[in-house]
Every structure is written in C-alpha cells, then in structure tokens.
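Thanks for coming, everyone. Please bring up the model and follow along.

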Amino acid sequence: MEQLTLPKEKLPELLGEIGSKFELIGPKEENGFLAFRKINDPKEVNLDILLSRVPPKSLIFQQTETLFTYAKGKDSKIQTPKIDESVRVIFGIRPCDARGYDIIDPVFMGKKEGDYTDPFYTKKRNRSILIGLSCNEPDTNCFCTSFDDSPANSKHVDILFTDIGGTYFVEIVTEKGEDLIKNLSKIFSKATEKEGTIRKETEKTAIKAISRKMNTEGAVEKLNKMFEHEFWIEAARSCIGCGICTYLCPTCHCFDMQDESTLKLGGRVRVWDSCMYEEYTHHASGHNPRPSRMNRVRNRVYHKFNYFPKNDGIFGCTGCGRCIDYCPVNIDIIEVIDKVKEVNV
Amino acid sequence: MVENKELIKVVEETVSRDDVKYVIGYKRGTYGFQIKPAFAYSAEDAKEFFYSPLCSKNLATYPLLEEKLPLRRGEEAEHKKIGIVVKGCDSRAIIQIIQEKGLEKEDVVLIGIPCKGVIDPKKIAKRFPKQSKFVDVEENNNDEYILEIGGTSHKIPKDELLSDVCKSCEYPNPPLYDILIGEAEEEFQPEHFNRVDELEEKTIEKRWEYWEKHFQNCIRCYACREACPLCYCKTCMADLLEPQWIRRSVNLSENTAWNVMRAFHLAGRCISCGECERSCPVNIPLMELNKFVEKEVKEMFDYTAGLDTEEKPFLGSFRPDDPEDFIS
C-alpha cells in the first residue's frame, strides 16, 4: 500500500483537478445538515460535520430508480435508461459508510459466479472511486469499534485520507485508487515514517474517543432462542412506526416496485421501502404476517443481528449511530441488544 | 415547577386504579438530552417517570397506536382507560381527537402538567454536543435553564433553547385534565410565530425557492405523520394505491404534494405541538406550513382547534356569523 501525504491547503487544488476530469461527489452542508452532492467548487466541501444525514448508500442504491419507461399506443416501446458508467469520485466518505456498501454488495451483486447482479447498483458501484476520510473526532453515538472496525479503517475505500494536523496522510488502498492517483498531477509527497506514526496515533486517539459500545457477543445465538419472547412487545411499545431508522441506515436496502403512469407515458420505479411500515408486508389478500409494531421492530433487529450474520457471516450494522441519533422516541439499538442479552429464555 | 415526587405519586395512584390499563409518561433517555416515552403497568413502573423541560414529545399519539388483536370466540374486548401525562398542547391534541370521535373521554385519564415550554432538542444538542450520558435540565424562576455537565453547572437563558412553537403558545395549561400536577401556570402573553411573517414578506418566487430547497430533501420517511397525534387515519392517503394521490417516487413534485397535502389535512386540527418539525430528519420547517394554515383558519373563521370536546370540528361546522371577510 502506497503511503503519501498532501498538505491541507492543497486539497482544493486536488478536488478541483478531480472535478475537472471526473464527476466529483462530496459532503456539502445543506439546510443545517450534511448531504453528499455533486461538487462544482471545492469550497462547497464541508469536512467539519462528521456524518451526512442520509448515508451515501443513496448514491449507489438510489431512493428512486427508474428501471424502464414506456409510451402507450401502437408504437409503444420499452426503454431502459442508460446508466452512466464513467468514473465518479466520491470524496469524504467515512469508513463506516463505506463499509455499508461492502455489507450490501452481496444483496445486489451476488455472492458467487452466476448469481444475479442488479445492473443499476453494480454499475454505479463499479464506477465509483471512494476516497475515504478518517474520523478524528467520533460523535456521541459512534460505535464502529464494536464491529472490529476503526474510525480510520482503510479496508473499505480505494484511498483513505487521515488528517494528521496540517497534512493529510494518504493511503492508496486499491488498484482503482492507484489508477486515479496516476491520472493526477504530482502534488502528493511520499510519507515519512514519522508521519506514519502520527497517523497511527491519530487513529488510537479516535478509537479512545468512542464512548459507546455494543456487546454483540452471543447475540446471534440468543436471538435464535427468543423470537417469541414477550420482550419484543416491550421493545416496540414506544415505536411510532416511522421509517427514520431504516432510511438513514447505511445497510438497510429494502425496496418496493411501483408502476407509475400518466395517460400516455409510464415507467417502473424502484423506491426505498421500510420494514417499519405496516404496509411493507401487507399481502394482496389482506393478510399481514407482521401485523403489529412488535413484529416489525423485531424484524429490524433480527435482520441486522441474526439473519445477516447467519447468511453472510457479518452483522448488518456499521455502528454509524444514525438510527440512535434520529429516532424520535429514543429507541437505542445498543440498549436493545444489551437488553436482549439480559432476557431469560 | 413539576415535582417529580408528586408526579410519580399520581402515576402510581392512577395505574393502581382498577379501570386503568397503563399510564404513559416520560423517562430519562439513553444519552444526551434524550427522553423516552415510558409505560407504567404497575406502581413499580411509575418510579422511573420524570418530568423536565426536556419532555417535548407529545404522547397523545400513543392511545391511537394501540394494537387491538383479533378476539377469540367468547372473548370480550377490555374496556380500560389509558393514563397519559399531558402538557397544554398534548391535552389539546386529545381534545381534538375526542371532538373527531377518534377517542372518547372515557378512554383516557389525563394527568395534566402546567407547562412552561419545552426545550428544542436540536438547539440543546447543538449547544452541548457529544453528551453520551443523560443530562437533565431544570428551570429556575429567572427564566433560565440549569444543567450540570461533568461537574460544571451551566445557566442558559431560556429564550436560547426554548422551542419556537412554545414561544407562541397560548395554552400552557392543559384545557382538559383529570388530575393537575402542581399549580396552573399564569397565562402569559405569547409571542407571535414570526417565522410565518418572515415568509409572508417574501415574494412568491422567493417563497417557492425556500420550500423547494426544503422539499427536495424530504426522504418521505413519514416521521412527521407518525409523530403527529392528529395524523391517525387508519389508511393514510399517501399509502393508497388505488387511487394513488401521491406517487412513491421521491422527487420534488411528489414531495411537495405530500407536504402540502399533509398541511391541508391538518387545517383547523393542528394544535401546534411541533412534533412533526422536531421529528423531521431533514430539518423541514413544517410548523411554518401548519402555523400559516392555523392563522388563516383563525382569521377567516375565528376557529381554534382543540379547546372544547363538545365543539364541532372545524371542517364539520358552519357558522353564519364567522368573519368571512375574504368573500367580497
């Protein structure tokens, strides 16, 4: 892995150059929160706020995706939209959000040769080069370290930037990252050993700053035994059934298919859906296998902490803390898992 | 000032009544300035109840979230009351629901709290970020909030943290209650909700630009609807597929349709608790829509929602003597 450095004041120059050659996406402040948007001017990039409100999963697994359109009448033809496959650079993505992609990749891109791959997700994923940014100051509800992750983990991005004070320590992680750097003018310097040490110290300090911890040990096995437990009624009592926890989750990936048409034109769209809604499992027959909030809250917890580990060997949670930050009734997933472990079965 | 001891005693007594199923109130949350809705099924459960200026959540939404499981043959529905801790606006929400026959007065026992206004969770979290432990806040008699963080005591002028909707609240005392905790607050002169005036001063184009900026961020999670005590339709028009009033595609056009339709459906019904705006994960200033409609309803029909259970709902009433200045 190549290790370079970039003085902080050169960042606008770098982003300007990337932006002139490729599509550049980055974190931008909008209405008081951070959102990943197309960057036209490097000045728009905001690196002071830790996490974007809506996770960058929305860049690849879009909230609304038009699968095809059609016109009615004799000459009607089905048209599939052309998906842009040119290189796109996503700058400033945090390690936990990048890890979110790794967690949901198998869902859309298959696990082995021959599995179905979703063209929309796959092409957007492949065209994206991720330039990550380590978190030096984790927030209140960050708990990525509970999943053997780190606020400066380079594993899930192509290039990782770490702020070591006045300078960015830049790690080129993948071939994709290498290719990008080759394409750019030589504004990076080789990192010294001392800078490497500072980077490691910075990571250690950030890890120490994480105060919340989820104890997942034995959670899968415990959940195996308590599906019918009345604990779930208690856990869901205050849930109001909004979709914040799922829509703001970097690993939630459920969607609904809808045909939307006017008199002459129509299309099929794929839109985000949430297991927190009553309608989510409502059958055409009128039957609903998850009739109450207890069923739905239970499903969210099981999907992340039981089904995901059993199917893919990984927890469906990155520890970003958004569901805790924005739940209007303080349903705290760390507390839920703690309580799961206390339940007597 | 609400004494927690007195609140707990009242909750204990209420939940011990034979005709009460459970009591809903507040307990301390898991971090920072978060509070949690609390459900007491026994006097023991009541011990964790508390009240402080952090208790913004409108709990009136819960009685209608009750899930009634299908009855087995020979089984009879249980007719027991739900106790709820209510501030002024929460009580008005219950009145409004009773007016609309969503609930009957007999369904609830209202434990009234004379309210001095609640803290805006977004404002206080911004002022004191990164609090991983619960921090309580008290209010003194000098219009200041007092809180202690890491051994240091902070005094903050109330005005800096108070929710915007509370500044213009006309009904701090619950108009309807069964038991009142402490003494009723003196009526105070509410401020005008000036965020609406600011908007009205803008040109149509500027106003549209403003809403466009906000609506394009809407992720249609429907937290505004779910948090709202008056959004209790069994099937929301946004969920209907046949006919489909609002498409599921998330874009500016559909998002605008959703937010405007919701505001219309709350005309003469919204009681200004501000729960929708507080819940919105993308900071849409929803109360500006609601307050605008509230103002129109007040000016044109001299109607205020949620004050009297016997009054007819706004859209279900006709008064030949209403101001009707808008008809020329």
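Start with Asp197(B): at 22% relative accessibility it counts as partly exposed, a class that lies between buried, under 20% relative accessible area, and exposed, over 50%, with a 1.4 Å probe and protein chains only.

Some ground rules. This is a predicted model, where local features need pLDDT of at least 70 and side-chain atom pairs count only at pLDDT 80 or more, while totals for chains, interfaces and linings use all residues. Residues are numbered from 1 along each chain as its sequence is written, chains are lettered from A and ligands numbered from 1 in the order in which they are written, and side-chain values use heavy atoms, with hydrogens and water left out.

Back to Asp197(B). It lies in helix H6, residues 194-201 of chain B. Helices here are DSSP runs of H or I, at least four residues, and strands are runs of E, at least two, numbered from the N terminus. The Asp197(B) side chain makes a polar contact with the side chain of His192(B), at 3.2 Å. A polar contact is a pair of N or O atoms within 3.5 Å; within protein, one must be able to donate a hydrogen and the other to accept it, and residues adjacent in sequence count only if both atoms are side-chain atoms. Asp197(B) and Phe292(B) are 95 residues apart in sequence, yet 8.9 Å apart in space, C-alpha to C-alpha.

Now chain A. Which order do the eight strands of the open sheet take? The order is S3-S2-S6-S7-S8-S9-S1-S10, with mixed pairing. Strands S3 (33-38) and S10 (189-190) of chain A stand at the edges with a single partner each, so one side of each has no neighbour in the sheet. Pairing takes at least two DSSP bridges between two strands.

Look at S9(A). Strand S1 (residues 2-7) of chain A pairs with S9 (residues 167-172) of chain A in the antiparallel sense, over six bridges. Leu6(A) stands opposite Tyr168(A). Pro7(A) has Thr167(A) as its bridge partner.

S8(A) also pairs with S9(A) in the antiparallel sense, over five bridges. There, Ile159(A) has Ile172(A) as its partner. S8(A) and S9(A) form a hairpin with three residues between them, and Gly165(A) in the turn has a positive phi of about 85 degrees.

Is S9(A) covered or open? Mostly covered: six of its six residues are buried. Thr167(A), Phe169(A) and Glu171(A) are on one side, with Tyr168(A), Val170(A) and Ile172(A) on the other.
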